[in-house]
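Here's a quick walk through one protein chain, meant to be read with the coordinates open beside you. Take a look before reading on.

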Amino acid sequence: MSKKKGLSAEEKRARMMEIFFETKDVFQLKDMEKIAPKEKGITAMSVKEVLQSLVDDGMVDCERIGTSNYYWAFPSKALHARKRKLEVLESQLSEGNQKHANLQKSIEKAKVGRHETVKQIK
């Protein structure tokens, strides 16, 4: 990888999550601004933005204690979040399949007693 090409937003997010998961520690913003560039190649200027996007998406927890903000994310929370998301998606899929089946039955009922008409062109 060349030095000129920067990391994509998703790459930065994934690398920042690695910091939390590997250390299983709690950090302040200034700590992340020191660690992320050295260990994961995330520019110090984008650390705050990436961290905030992870907080906004619920992947990283943030708590204000006194005048400081503390950030943390543990692998177990990410696993639980993915499981909940999977359950929601499976539920939506099931509902969609049920609606589809009901609509198919409605179509079949509507066809009963009807016969195709042939249009004649004059």
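## What we're looking at

Keep in mind that this is a predicted model. Everything below is computed from that prediction.

## The largest pocket

Let's start with the largest pocket, which has a volume of about 250 Å³. Which helices each supply at least two residues of its lining? They are helix 1, spanning 9-23, and helix 4, spanning 75-111. Helix 4 gives the largest share of the lining, with five residues. The lining also draws on two domains: at least three residues come from each of domain 1 (7-72) and domain 2 (74-121).

If you want to pick out the lining on screen, look for Met17, Phe21, Asp57, Gly58, Met59 and Ala73, along with Phe74, Lys77, Ala78, Ala81, Arg82 and Lys85. Sorted by class, that's seven nonpolar residues, four charged ones and one polar one.

## Lys40 and its partners

Next up is Lys40, which lies in helix 2 (residues 29-40). Its relative accessible area is 12%, so Lys40 is classed as buried. Which side chains does the Lys40 side chain contact? One is Glu18, through a polar contact of 2.9 Å. Another is Glu22, where the polar contact between the side chains is 3.2 Å.

## Lys24 and its phi angle

Lys24 sits in the loop between helix 1 and strand 1 (27-28). What's worth a look here is the backbone: Lys24 has a positive phi of about 50°, although it isn't a glycine. Most residues other than glycine have a negative phi. As for accessibility, Lys24 has a relative accessible area of 54%, which means it is exposed.

Take Ala14, placed in helix 1. Ala14 is partly exposed at 41% relative accessibility. Leu54 is 40 residues away from Ala14 along the chain, and their C-alpha atoms are separated by 9.6 Å.

Then there's Gly41, in the loop between helix 2 and helix 3 (44-56). Gly41 has a relative accessible area of 44%, so it is partly exposed. Finally, Gln28 belongs to strand 1. Gln28 counts as buried, at 16% relative accessibility. Gln28 and Tyr71 are 43 residues apart in sequence, while their C-alpha atoms are 6.1 Å apart in space.

Conventions:
Residues are numbered from 1 along each chain as its sequence is written. This is a predicted model: local features need pLDDT of at least 70, side-chain atom pairs count only at pLDDT 80 or more; totals for chains, interfaces and linings use all residues. Side-chain values use heavy atoms; hydrogens and water are left out. On a 1 Å grid over the protein atoms alone, a cavity is a set of points where a 1.4 Å probe fits but cannot get out, and a pocket is an open set with protein on both sides within 12 Å along at least five of seven lines; lining residues have an atom within 4 Å of a point. Grid points are joined across faces, edges and corners, and a volume is the space filled by probe spheres set on the points. Helices (H or I, at least four residues) and strands (E, at least two) are DSSP runs, numbered from the N terminus. Ala, Val, Leu, Ile, Met, Phe, Trp, Tyr, Cys and Pro count as nonpolar, Asp, Glu, Lys and Arg as charged, and the others, Gly among them, as polar. Domain bounds come from an automatic or database domain assignment. Buried means under 20% relative accessible area, exposed over 50%, partly exposed in between (1.4 Å probe, protein chains only). A polar contact is a pair of N or O atoms within 3.5 Å; within protein, one must be able to donate a hydrogen and the other to accept it, and residues adjacent in sequence count only if both atoms are side-chain atoms.
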